[in-house]
Amino acid sequence: MHAEGTGMSLDSVWQGREDGPRWHHIVTSETPTGGVALVGFCSDEGVRRNEGRVGAAAGPAALRAALSGFAVQEPFLLADAGDISTHGTDLESAQRELSDIVRDLIAAGNLVVVLGGGHETSFASHRGAYEALGNLQIVNFDAHFDLRQADQPTSGTPFLQIAEMVGKEAFDYSVIGISKPNNTKVLFDTAEELGVRVVLDEELLGLSPQQAADQALESVAGDKPIHLSIDLDLLPAWVAPGVSAPAGLGVALEQVYAMVKAVASTGRVRLVDVVELNPTYDIDGRTAKVAARLIETIVGAVNVASISKKPLEH
């Protein structure tokens with residue numbers, strides 16, 4: 001396991017047209033204050049343990065490649081803190097290292113965007129944010145609850161681990177896009193017991209993007225800092241084929257875009273993770289391109305300057 005931080009070669013990772021400014025022109029390895037900090041989590045050990053199809057460890061590289069050429073409309077501070085990788089089956093040590101980096105980046109006043117990796121990413125990223133900020137609201141755009149009971153952490157356990165870490169009373173979790181056929185009654189019962197706010201994929205059918213955005217905003221009512229998690233298997237398989245568990249129905253991209261932008265526009269998002277990109281199964285990079293566009297939308301919607309000037313204290 002290792003973290004490639006300030007010593008990484010940005011030129012080998014961030015490339016594109018020279019008619020900038022584009023993301024690859026402004027990215028730096030110097031950690032900003034009040035900027036956007038990216039960190040990759042090259043892990044699919046949790047997916048393997050959860051009996052999914054592996055390949056998400058290559059997700060961060062594919063996401064950087066898709067982000068690299070985006071045009072910069074308004075200047076902002078952008079840093080790449082490098083990657084953390086699991087070596088062998090030692091997921092837990094890698095998660096601890098990710099938590100430490102996320103904690104430090106948030107404490108420095110940055111919006112942290114974690115590039116996954118399987119959804120085991122979210123326990124580690126949330127733990128770091130929790131250590132920096134205290135309790136956060138979680139909104140997870142996902143076809144699955146990821147509240148499984150298991151003997152060891154997997155990509156299916158992160159939000160139950162968070163609930164156990166912060167306590168039931170403090171656990172503030174909304175999940176949007178749940179697929180009934182892909183979640184057992186035990187998981188629905190666990191969600192009810194923990195007070196999880198649930199929006200099914202079928203409930204979003206027929207809603208306009210604005211109506212879907214209103215649903216998402218209801219889920220993050222309040223004033224707590226927000227952990228925004230996007231599992232790309234929320235999207236239909238024909239939109240996002242490059243994931244660990246493709247969706248048969250999914251939630252329309254137009255709705256996901258509107259919901260994600262609405263949540264980011266609250267100005268309270270402090271942590272983002274985008275997970276389950278599996279480049280092995282992607283087609284023409286379409287899943288990576290969609291994921292990168294969602295990240296770009298979040299960054300554009302968040303008032304980055306307010307992160308350091310008006311910190312959320314809890």
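Predicted model: local features only at pLDDT ≥ 70, side-chain atom pairs only at ≥ 80, totals over all residues.

Colleague: What makes α4 and α11 roughly perpendicular to each other?

Modeller: Helix α4 covers residues 59-68, helix α11 covers residues 286-301, and the two pack at an angle of about 65 degrees. Angles of 65 to 115 degrees count as roughly perpendicular. Therefore α4 and α11 are roughly perpendicular to each other. Their axes are 8 Å apart, and the crossing is right-handed.

Colleague: Which residues of α4 and α11 meet?

Modeller: From α4 they are Ala-62, Leu-63, Ala-66 and Leu-67, and from α11 they are Ala-288, Lys-289, Ala-291, Ala-292 and Ile-295. By class, the residues of this contact are eight nonpolar, no polar and one charged.

Colleague: Why is α10 called roughly parallel to α11?

Modeller: Helix α10 (residues 253-264) packs against α11 at an angle of about 30 degrees, with the axes 8 Å apart. Angles under 35 degrees count as roughly parallel, and that makes α10 roughly parallel to α11. The crossing of α10 and α11 is right-handed.

Colleague: What residues does α10 bring to the contact with α11, and what do they meet?

Modeller: Leu-253, Val-256, Tyr-257, Val-260, Lys-261 and Ala-264 of α10 meet Val-290, Arg-293, Leu-294, Thr-297, Ile-298 and Ala-301 of α11. The contact of α10 with α11 has nine nonpolar residues, one polar and two charged.

Colleague: How do you know that α6 and α7 are roughly parallel?

Modeller: The angle between α6 and helix α7 (residues 158-166) is about 30 degrees, and their axes are 8 Å apart. With the limit for roughly parallel at under 35 degrees, α6 and α7 are therefore roughly parallel to each other. On the α6 side the contact is made by Ser-122, Phe-123, His-126, Arg-127 and Tyr-130, and on the α7 side by Pro-158, Phe-159, Gln-161, Ile-162, Met-165 and Val-166. These divide into seven nonpolar, three polar and one charged. The crossing of α6 and α7 is right-handed.

Colleague: Why is His-126 called buried?

Modeller: The relative accessible area of His-126 is 1%. Buried means under 20%, so His-126 is buried. His-126 lies in helix α6, residues 121-133. Leaving aside its neighbours within four places in sequence, His-126 is in contact with Leu-136, Ile-138, Ile-162, Met-165, His-227 and Leu-271.

Colleague: Is Cys-42 buried or exposed, and what makes it so?

Modeller: Cys-42 has a relative accessible area of 14%. That value is set against the limit of under 20% for buried, and so Cys-42 is buried. Cys-42 is placed in strand β2, residues 36-42. Apart from neighbours within four places in sequence, Cys-42 is in contact with Ala-57, Pro-60, Asp-83, Ile-84, Ser-85 and Thr-86. Cys-42 and Ala-56 are 14 residues apart in sequence, and their C-alpha atoms are 7.2 Å apart in space.

Colleague: What is in the largest nonpolar core?

Modeller: The largest nonpolar core has 51 residues, and those with the most contacts inside it are Phe-141, Leu-228, Ile-230, Met-259, Val-263 and Ile-295. Helix α11 gives the most to this core, with nine residues. Beyond neighbours within four places in sequence, Met-259 is in contact with Phe-141, Ile-176, Leu-204, Ala-212, Ala-213, Ala-216 and Val-251. In soluble globular proteins, nonpolar side chains tend to be buried together.

Colleague: What is noted about phi of Glu-51, and why is Glu-51 called exposed?

Modeller: Phi of Glu-51 is near 65 degrees, a positive value in a residue other than glycine. Exposed means over 50%; the relative accessible area of Glu-51 is 76%, so Glu-51 is exposed. Glu-51 is in the loop between α3 (45-49) and α4.

Colleague: Why does Asp-146 count as buried?

Modeller: Asp-146 has 10% relative accessibility. The limit is under 20%, so Asp-146 counts as buried. Asp-146 lies in the loop between β5 (137-141) and α7, and phi of Asp-146 is near 55 degrees, also a positive value in a residue other than glycine.

Colleague: Where is the cis peptide bond?

Modeller: The bond from Gly-116 to Gly-117 is cis, with omega near 15 degrees. Gly-117 lies in the loop between β4 (111-116) and α6.

Notes:
Residues numbered from 1 in each chain as written. Heavy atoms only, no water. Axes fitted to C-alpha atoms, helices over the stretch in contact; angles between N-to-C directions. Helix = DSSP H or I, 4+ residues; strand = E, 2+ residues; numbered from the N terminus. Parallel < 35°, antiparallel > 145°, perpendicular 65-115°, else oblique. Left-handed = near helix turned anticlockwise from the far one by under 90°. Contact = heavy atoms within 4.5 Å. Nonpolar A, V, L, I, M, F, W, Y, C, P; charged D, E, K, R; others polar. Core = buried A, V, L, I, M, F, W, Y, C linked by side-chain atoms within 4.5 Å. Buried < 20%, exposed > 50% of the residue type's maximum accessible area, 1.4 Å probe, protein only.
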